[in-house]
Amino acid sequence: MSWIRSSKPLLAGLLIVAALGMAGTVAGLEFADVTADDELEVGSQAEVEVVIEEPFDGEPDEYTIGASTEFVDGSVTITADGPANTDSASGENPELTVTAEDGYDEITITASGEVPQIGEGGPGEFSYEDPENEQFTALSVTQNNGPVDSVAVDRFTTESQTARERIDEAVEAAGEDDDDIRAAIELYDSGSFEQAITQAENVIDDAESSEQRSQLLLIGGGVLIVAALIGGGYYVYSQRQQDTHKLQ
Amino acid sequence: MKLAMIGFGQAGGKIVDKFIEYDKRTDSGIVRSAAAVNTAKADLLGLEHVPENNRVLIGQARVKGHGVGADNELGAEIAEEDIGEIQGAIDSIPVHEVDAFLIVAGLGGGTGSGGSPVLAKHLKRIYTEPVYGLGVLPGSDEGGIYTLNAARSFQTFVREVDNLLVFDNDAWRKTGESVESGYEEINDEIVRRFGVLFGAGEVGVGDDVAESVVDSSEVINTLAGGGVSTVGYDAESVELGNSGGLLSRFKSGDDDEIASANTTNRITSLVRKAALGRLTLPCEIEGAERALLVVSGPSEHLNRKGIERGRKWLEEQTGSMEVRGGDYPIDEPNVAAAVLLSGVHNVPRIKELQQVAIEAQENIDEIQEESEENLDTLVEDDEDELDPLF
């Protein structure tokens, strides 16, 4: 084994560790509270809000906090709040510089707008197996242009939700390895939801009918066993009843 | 003892049918092969256990399958003519496996009464195995013609067979029976008696083996002298003893002695009742040439002493020294004694039967003689003035 080949994953690992370490020192801010829906429908109006408490605890005395969003026609508002002062900035990508002297004890950042399309010009893409790919970044916060944290929210369209539910049912009924289900998932990933729904429903129907068949077989088998038991019982009974005595 | 049974006529067919049923039910192994012969198709169709291939309809050219109507001369004629057809059914019997033939027939009717002596004669000519007859006598209230038939058939049948076992319906008729249930019960009696007698030597794997086995040769030797035989039988229920039980170990030996005495007494009393009261053909047993005693039941209820005493008693009563005996252990809660008396002579019932038959014969002849004269008197006018048409 050559050293060059094996060094590649090692190098990548070292870089990741370094990046995490830097992020740890630069972005010490944390979201104390996040208000956002678990998932949002594409095209709907929505709002997310995060709260940063004790903004100077272990942080520099002065820094600039920035925020951005992937909402269509989105607007972001950063509000710093303290017992004595309040300051805010808003816009598509607002920035607000805060100092410890102002005595802010809470920074609230709100983003709102229209949930963007999945793919077709919007962020992300449809993927049945990796739902993260369907998420969008509703709010991303920076501190001195370094990333702090972001809020990603799942998205769906009416069709994609129905298709996902149908595929879920189909997987439950026939298992993930089924070829027809793979086809349905591919159709889903390519955005052909109607076809994906049809495909998944076919799988469900097949599974149900085979389940019904096996149920019928089971019932038939049960009936046979019961009949055999009754018949056997009667045979034994009649044998017992029959007089096999030779003498009297 | 393995038998080839041939039921001749309606009663014969039914009894053979019953024999097969008894054989299957009790696993006795006495019926090796069975056939039924009749001139009436309906009677053959009514059988349940006789194999279809062995049901022979004879005399179709003469009576078209409708029976001979109690005319046993016609029955004998037809049997003679169609003996080849009967032989066809007998050909399928593996004769080397059977110990004897048994022809079963009611003697009062037509087909069996007339045909069975013919068949007996035929079988004796061809085979070396003994040919026995089992003849059923009609009840005395069944009518003159049946009595006449029986008397004539009896005479011939006894002559043609190696031994004729007789069952008298008259001795077994009870009042208030329906025809069907009456015959059914009588047939059951016949089958049980002869079943025990002939089944005694047939021991299957796992059965108890008798101390003194009644083999088929014992039966054959008892029947060997020819003539007429009757069978007595009586049975009694007993409790199947539980040999286990802890307490039984502590019982004193006295109990065993008492039990043994009871067993002996039970057997001797059964033998007496069988020989004196319950014979298939009631007769005076004194003068019977040979006898065979089979005592059957659970082995703990059989003992040599009882059987020996029973045998000795039979010797005294019959006056014959040729009394054989043995046991037949069966695992069921009954003890039974079967007595075969062979070569009986003093049978009042046969004499009575013959007397009635003679009267019937005379009556028939008389009426036949007068018949023409009477008809003439009826048809012709007094002065003979009328002329017939042509």
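**View 1. Helix α1(B) is the biggest contributor to the lining of the largest pocket, giving nine residues.** Helices here are DSSP runs (H or I, at least four residues), strands are DSSP runs too (E, at least two), and both are numbered from the N terminus. This is a predicted model, in which local features need pLDDT of at least 70 and side-chain atom pairs count only at pLDDT 80 or more, while totals for chains, interfaces and linings use all residues. Residues are numbered from 1 along each chain as its sequence is written, chains are lettered from A and ligands numbered from 1 in the order in which they are written, and side-chain values use heavy atoms, with hydrogens and water left out.

**View 2. Now look into the largest pocket, with a volume of about 970 Å³.** On a 1 Å grid over the protein atoms alone, a pocket is an open set of points with protein on both sides within 12 Å along at least five of seven lines, a cavity is a set where a 1.4 Å probe fits but cannot get out, and lining residues have an atom within 4 Å of a point. Points are joined across faces, edges and corners, and a volume is the space filled by probe spheres set on them. Of the 43 lining residues, B:Gln10, B:Ala11, B:Gly12, B:Lys14 and B:Tyr183 are the closest to the pocket's centre. The lining holds 15 nonpolar, 19 polar and nine charged residues. Here Ala, Val, Leu, Ile, Met, Phe, Trp, Tyr, Cys and Pro count as nonpolar, Asp, Glu, Lys and Arg as charged, and the others, Gly among them, as polar.

**View 3. Here is the largest cavity, with a volume of about 30 Å³.** The whole structure has one cavity of 30 Å³ or more. Its lining includes B:Gly9, B:Gln10, B:Lys14 and B:Asp43. Four lining residues come from α1(B), the largest share.

**View 4. Chain B meets chain A, with 20 residues of chain B in contact (heavy atoms within 4.5 Å) with seven residues of chain A.** Together the chains bury about 1100 Å², 51% of it on carbon and sulfur atoms; buried area is the accessible area (1.4 Å probe) that two parts lose on being put together, summed over both. On the chain B side, B:Arg25, B:Thr26 and B:Glu332 lose the most area, together 45% of what that side buries. The count of salt bridges (a side-chain nitrogen of Lys or Arg within 4 Å of a carboxyl oxygen of Asp or Glu) between these chains is zero.
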